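Come along and check each entry against the picture.

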Amino acid sequence: AAAAAIEAQRVPLCSLGPLTGAALEGLSEAERESELGERLYSILQHLDDHRADKLTGMLLEMKDSELLKLLCAPDAAAAAAAFAALVEEAREVLEAHDGAAAARVEAFWAAACAMAGGAAAGEA
């Protein structure tokens with residue numbers, strides 16, 4: 001599915017038409033993110049529909065030249081494999097972040113319960 005989505009990128013998707021570095025240079029930061037983001041999202045939703053928005057944001061942190069290599073690769077299958085590898089790496093980062101966040105929440109609630117228990121014991 002990702003290879004088909006990448007192949008579809010060869011047809012102009014956004015207002016720029018075919019995506020090139022020169023075309024991106026003339027855009028504001030917001031326009032650049034929009035152009036690249038729409039193209040990335042249309043591929044990433046086939047790889048991870050639930051996290052496509054987060055993954056798009058993460059990939060937009062890459063250099064434009066790296067993104068253009070992926071989006072404009074002549075071999076759609078190779079590009080799909082590269083996207084799949086990036087998505088797997090990004091998933092690992094998100095899962096590690098989610099795990100760390102869950103641990104912080106658990107620690108917060110443990111501390112809050114301990115404080116509440118101490119306060120209740122002190123009032124008695």
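Before looking for a kink, I noted what a bend is: the bend at a residue is the angle between two fitted axes, one for the seven residues ending there and one for the seven starting there. I also reminded myself that this model is predicted.

**Entry on helix 3.** Where does helix 3 bend? I found a bend of about 30° at Tyr41. I then looked up burial in helix 3, and the buried residues include Arg32, Glu35, Leu36, Leu40 and Leu44.

**Entry on the core.** How many residues does the largest nonpolar core have? I read off 18, and those with the most contacts inside it are Leu36, Leu40, Leu44, Leu71 and Phe83. Helix 3, helix 4 (52-59), helix 5 (64-71) and helix 6 (76-123) are the elements that give two or more residues to this core.

**Entry on helix 5.** I listed Leu67, Leu68, Leu70 and Leu71 as buried in helix 5. Looking down the axis of helix 5, I saw that its buried residues fall within an arc of 160°, so they line one face of the helix.

**Entry on aromatic rings.** I found one aromatic pair in the structure. Phe108 and Trp109 form this edge-to-face pair, with 5.1 Å centre to centre and 75° between the planes. Are these two residues buried or exposed? Both Phe108 and Trp109 are exposed.

Definitions and conventions
Residues numbered from 1 in each chain as written. Predicted model: local features only at pLDDT ≥ 70, side-chain atom pairs only at ≥ 80, totals over all residues. Heavy atoms only, no water. Helix = DSSP H or I, 4+ residues; strand = E, 2+ residues; numbered from the N terminus. Buried < 20%, exposed > 50% of the residue type's maximum accessible area, 1.4 Å probe, protein only. Core = buried A, V, L, I, M, F, W, Y, C linked by side-chain atoms within 4.5 Å. Arc of directions from axis to C-beta. Phe/Tyr/Trp six-rings, centres within 6.5 Å; stacked < 30°, edge-to-face > 60°.
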